Amino acid sequence: MEQLLHYTWKHKMLPLTDLLTTDGRRVEIIDPGLHNRNAGPDFFNAKVKIDGTLWVGNVEIHDRASDWYQHGHDRDPRYDNVVLHVCETVDRDVQNSVGHYLPQLQLSVPQHIRDNYDELQKTDQYPPCYKIIPDLTRLTVHSWMAALQTERLERKTEDIRRRAEQCGGSWEDAYFVTLARNYGFSINSDTFEQWARNVPLKAVDHHRDDLFQVEAIFMGQAGLLELDTIPKHYQQDALNDGYFARLRNEYQYLAHKFGMQPMDAAQWNFLRLRPQNFPHIRLSQLANLYYQRKAGLSQLLECTTVDQLKTLLSSHVTPYWETHYTFGSLSAKNEKHLSYGSLNLLIINTAIPVLFAVGRHRQKEELCDRAFDLLEQLKPENNHIIRMWQQCGLPVKSAGDSQALIQLKREYCDRRDCLRCRFGYEYLRASR
């Protein structure tokens with residue numbers, strides 16, 4: 001398996017016997033080079049000694065030497081600087097595009113690495129490396145978790161940067177779209193993002209001093225002010241209580257004024273949703289947040305502590321929704337504040353990634369450092385992914401840890417990409 005041979009070369013997991021080229025010259029690997037995952041040779045700037053002479057250049061790796069020709073490297077000038085061709089089976093000599101024969105090293109993957117890799121790929125236990133987790137050193141765990149935490153923030157940064165591009169370069173709008181998306185709390189995330197893109201914030205700004213008008217636009221653009229979106233047995237009650245009709249009339253006036261078009265309300269998911277998470281409730285909370293001028297990027301960037309972020313993002317519903325979950329359905333009075341857990345998730349998934357992304361965009365390291373500090377101050381998330389790692393013996397002390405472990409599962413374990421994982425490296429090299 002070529003990928004495993006790459007891994008063996010990269011980490012110098014080599015046999016204890018002398019390494020020789022196929023024509024009998026002694027090979028000493030000084031530096032295996034930089035692994036190239038794009039087009040071109042597999043490893044750049046490697047340093048190898050062949051019969052005492054130091055060569056600096058590229059290394060190409062194949063299962064069989066004849067793959068050199070099957071892949072067309074003999075006609076590609078990018079491979080003319082290859083100083084060593086490493087193969088599990090050398091079945092022929094190879095030449096580059098200028099006709100020079102290349103030194104070749106026949107290298108086998110050590111058997112214990114093969115066996116360990118097969119275990120990782122075939123085990124039904126999850127995560128596949130669970131056996132070695134309790135024995136990992138604190139340094140190994142800490143360094144890999146720190147790298148994973150950064151990876152996750154970088155991935156979220158790319159999402160936010162893409163939203164900014166889609167919003168015409170407006171990071172203010174990208175923040176609002178990101179905030180709205182996370183108000184969907186997974187089940188309605190995509191729909192909330194689509195809704196946020198459908199809200200013309202410049203138009204809303206003309207009426208942001210009137211909470212009723214802000215809510216009318218938010219509900220209307222969500223497609224929730226059409227009578228047929230209300231269950232039939234609640235329609236008459238909704239008309240009788242007056243609030244639905246007032247909102248709808250206000251929205252129709254504002255929609256005509258600003259040329260707004262509502263989205264299809266059928267996209268909202270109500271199945272298996274707790275009433276507290278119904279779109280009507282979340283939209284009312286967002287309207288309140290926007291009306292109080294707490295949904296702006298500048299306000300977010302001024303926050304330096306978790307408590308300040310919680311104060312900024314705390315919101316509740318307008319009076320009508322204190323006694324309703326949908327139009328026309330009366331319920332016990334409840335102010336419906338964002339819960340402690342929901343606030344934490346908004347900080348973890350919205351506030352901190354936006355701080356980090358803006359820091360990257362504006363080249364302000366203090367914002368990036370603040371993002372890391374805030375993650376360390378927050379309690380870890382409590383979900384099945386985190387509980388799984390805890391059961392394996394990994395300590396989870398902060399939101400930084402929980403974000404790292406979510407990244408580990410989704411980007412490595414789920415893909416069985418053990419060859420890029422530092423825990424996987426420890427598993428592969430272990431002799432059993």
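A residue counts as exposed when its relative accessible area is over 50%, and as buried when that area is under 20%. The exercises below use a predicted model.

**Exercise 1.** Decide whether Thr311 is buried or exposed, and locate Thr311 in the secondary structure.

Solution. 
1. Thr311 belongs to helix α13, which covers residues 306–313.
2. The relative accessibility of Thr311 is 53%, so Thr311 counts as exposed.
3. In sequence, Thr311 and Lys294 are 17 residues apart, and their C-alpha atoms are 9.2 Å apart in space.

**Exercise 2.** Classify Asn288 as buried or exposed, and list what Asn288 touches beyond four places in sequence.

Solution. 
1. Asn288 sits in helix α11, residues 279–291.
2. Its relative accessibility is 5%, and therefore Asn288 counts as buried.
3. Not counting residues up to four places away in sequence, Asn288 touches Leu211, Ser315, His316, Val317 and Thr318.

**Exercise 3.** Describe how helices α14 and α15 pack.

Solution. 
1. Helix α14 spans residues 340–362 and helix α15 spans residues 365–377; the angle between them is about 155° and their axes are 6 Å apart.
2. Angles over 145 degrees count as roughly antiparallel, so α14 and α15 are roughly antiparallel to each other.
3. The two helices, α14 and α15, cross in a left-handed sense.
4. On the α14 side, the contact includes Ile348, Ile352, Leu355 and Phe356; on the α15 side, it includes Leu367, Cys368, Phe372 and Leu375.
5. Sorted by class, the contact of α14 with α15 has eleven nonpolar, one polar and three charged residues.

**Exercise 4.** Find the residues that touch the most other members of the largest nonpolar core, and follow the contacts of Trp195.

Solution. 
1. This core has 81 residues, and Leu179, Trp195, Phe218 and Phe327 touch the most other members.
2. Helix α14 gives the most to this core, with eleven residues.
3. Leaving aside neighbours within four places in sequence, the contacts of Trp195 include Phe176, Phe218, Met263, Trp268 and Leu286.
4. A second, separate core has 50 residues, among them Leu4, Val109, Ile132 and Ala404.

Key:
Residues numbered from 1 in each chain as written. Predicted model: local features only at pLDDT ≥ 70, side-chain atom pairs only at ≥ 80, totals over all residues. Heavy atoms only, no water. Axes fitted to C-alpha atoms, helices over the stretch in contact; angles between N-to-C directions. Helix = DSSP H or I, 4+ residues; strand = E, 2+ residues; numbered from the N terminus. Parallel < 35°, antiparallel > 145°, perpendicular 65-115°, else oblique. Left-handed = near helix turned anticlockwise from the far one by under 90°. Contact = heavy atoms within 4.5 Å. Nonpolar A, V, L, I, M, F, W, Y, C, P; charged D, E, K, R; others polar. Core = buried A, V, L, I, M, F, W, Y, C linked by side-chain atoms within 4.5 Å. Buried < 20%, exposed > 50% of the residue type's maximum accessible area, 1.4 Å probe, protein only.
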